[in-house]
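Look at the sequence and the structure first, then read on.

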Amino acid sequence: MKTLKTLICVLTVIGLCGCHGTRQSDQDNTRAKYIFLFIGDGMGHSLVSLTESYMSYKAGKIGGEHLTFSDFPIFGNVSTYSADSPVTCSAAAGTAIASGQKTVNGKLGRSADGTPLRSFAFDLKNEGYKVGVISDAPINHATPAAFYSTPESRNHYYQIIQQIPHSRFDYFAASGFLEFIPADSGEPDCEKLLEDNGYEVVWGRDELDEVSPETEKIVLCNKENKGRNAKNYEADNCINPENFTLAEMVSTGIEFLTDEDPFIIICEGGLIDWSAHINKTMPTIASIIELDKAVKVAYEFYQKHPEETLIVVTSDHDTGGASVGYGDEWVNEQPKWAIMDSVWNAAGQTNKLNAEENEALNAQAHIGWTTAYHTGAEVPVYAIGAGAKRFCGRMDNTDFKGKILGE
Ligand SMILES: [Zn+2]
């Protein structure tokens, strides 16, 4: 008996060592030279599924069409709760992703007691990486701002812009600014503030064409927002062809940042969240497809530098609690994409329906939405490239910092 116990004990120890040894050898601390982090704001599992269901419909299939990022080889699941709620806000979620620490809803870049936290983008900057921050929402909105600022509140938009020069980050691209003209009339507008501190602010494609090759720091904005506040939570879904697409912002960023130095590009698809908040199905899907086109630009870069590039695509939380199919009879709850698609196309690929009309359309097309806010559902993470394996399986949003840095 004693011998058997000893044998079990020895085997247990060997077993533990074996497991530990395997984990050690599998552990990949590679820090990619080129890092892309895409955050589909509000892009929970169900919104990715809705998008792929619609894409399959357009291809004449029941299912099977995939986005570029959902075909990445590494897949994981991320919990998103904040320090004070199962349902996070974007500020607390962005803070958790950037700093590796949970905070309460409403805090941006700071802990619950107000202590400023450190975004991993600063670790990379200090180690010689160039840093790019991109969003199709305003640059001082919570998600992009979580990576470069620690304001007293997520709504202190001017204070967020004041922190851009302190970041020394190299490339910013977004729709424009909130609080372009500060509430305190003694202060310069956002453009002057940045230009006085070494950043060139560029409005639209024409101005971008004229940027000198010597320019070291740049903030790219849509021409329509020159000299004024950008829209905030107004997803009217009118596509202005003069606006930069996310794909353009990423390709311009790659061009601007690439030299001998490594770089990180953090890119938010913010309009996904805005459309999902008002439960507009097709604008949400269109915004996810726009994010995917931007991921594709990064993927093409990865194909040229496969050993040195990491691409991670995730979300900060789910918005809308949507479902593929809705109804009270199982035989009749499948999505009616033809209805949704015809309304979308008849209106020139916009959805200007009021809330009541939009709800009726969703019901008719059997697309379910359960809330106009966020949900506490877990979100997906997809990854490819150097260090991608670290994102496999279950993780928390506070794990991104260590996994991206390879710590
Ligand atoms: Zn968000």
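## Helices and sheet in a predicted model

Helix H2 (residues 45-58) and helix H12 (residues 281-304) have axes that come within 9 Å and cross at roughly 90°. The two helices are therefore roughly perpendicular to each other. On H2, the residues in contact are Leu47, Val48, Leu50, Thr51 and Tyr54, and on H12 they are Thr281, Thr284, Ile285, Ile288 and Ile289. Sorted by class, this contact has 7 nonpolar residues, 3 polar ones and no charged ones. The model is a predicted one.

In H13 (residues 337-346), the buried residues are Trp337, Met340 and Trp344. They lie on the same side of H13, because they cover an arc of only 70° around the axis. This fits a general rule. An α-helix has 3.6 residues a turn, so residues three or four places apart point the same way. The face of H13 turned away from the buried side carries Ala338, Ser342 and Ala346, which are exposed. Gly348 follows H13 and has a positive phi, near 70°.

The next topic is the sheet. Strands of a sheet pair through backbone hydrogen bonds, either parallel or antiparallel. Here, 10 strands form an open sheet with mixed pairing, in the order S5-S6-S4-S3-S7-S1-S8-S13-S2-S14. Strand S5 (200-203) and strand S14 (393-396) stand at the edges; each has a single partner strand, so one side of each is left without a neighbour in the sheet. From one strand to the next, the twist averages 15°.

Helix H10 (residues 246-257) packs on this sheet and touches S3, strand S4 (171-173), strand S6 (218-221) and S7. The direction of H10 makes about 170° with that of S3.

| Strands | Sense | Bridges |
|---|---|---|
| S1 (residues 34-40) and S7 | parallel | 7 bridges |
| S3 (residues 130-135) and S7 | parallel | 6 bridges |
| S8 (residues 309-315) and S13 (residues 379-385) | antiparallel | 4 bridges |

Phe38 has Cys267 of S7 as its bridge partner, and Val131 has Ile264 of S7. Leu310 stands opposite Gly385 in S13.

How many of the 7 residues of strand S7 (residues 263-269) are buried? The count is 7 of the 7, so S7 is largely enclosed by the rest of the structure. In a regular strand the side chains alternate between the two faces of the sheet. Both faces of S7 are covered, with Phe263, Ile265, Cys267 and Gly269 buried on one side and Ile264, Ile266 and Glu268 buried on the other.

Two loop residues deserve a separate look. Glu179 is not a glycine, yet its phi is positive, near 55°. Glu179 is found in the loop between S4 and helix H8 (190-195). With 20 other C-beta atoms within 10 Å, Glu179 is buried. Asn279, also not a glycine, has a positive phi of about 55°. Asn279 is found in the loop between helix H11 (271-277) and H12. There are 23 other C-beta atoms within 10 Å of Asn279, so this residue is buried.

Notes. Residues are numbered from 1 along each chain as its sequence is written. This is a predicted model: local features need pLDDT of at least 70, side-chain atom pairs count only at pLDDT 80 or more; totals for chains, interfaces and linings use all residues. Axes are lines fitted to C-alpha atoms, for helices over the stretch in contact, and angles run from 0 to 180 degrees between N-to-C directions. Angles under 35 degrees count as roughly parallel, over 145 as roughly antiparallel, 65 to 115 as roughly perpendicular and the rest as oblique. Two residues are in contact if their C-beta atoms, placed from the backbone, lie within 7 Å. Ala, Val, Leu, Ile, Met, Phe, Trp, Tyr, Cys and Pro count as nonpolar, Asp, Glu, Lys and Arg as charged, and the others, Gly among them, as polar. A residue is buried if 20 or more other C-beta atoms lie within 10 Å of its own, exposed if 12 or fewer, and partly exposed in between; C-beta atoms are placed from the backbone. The arc is that of the directions from the helix axis to the C-beta atoms. Two strands pair if DSSP finds at least two bridges between them.
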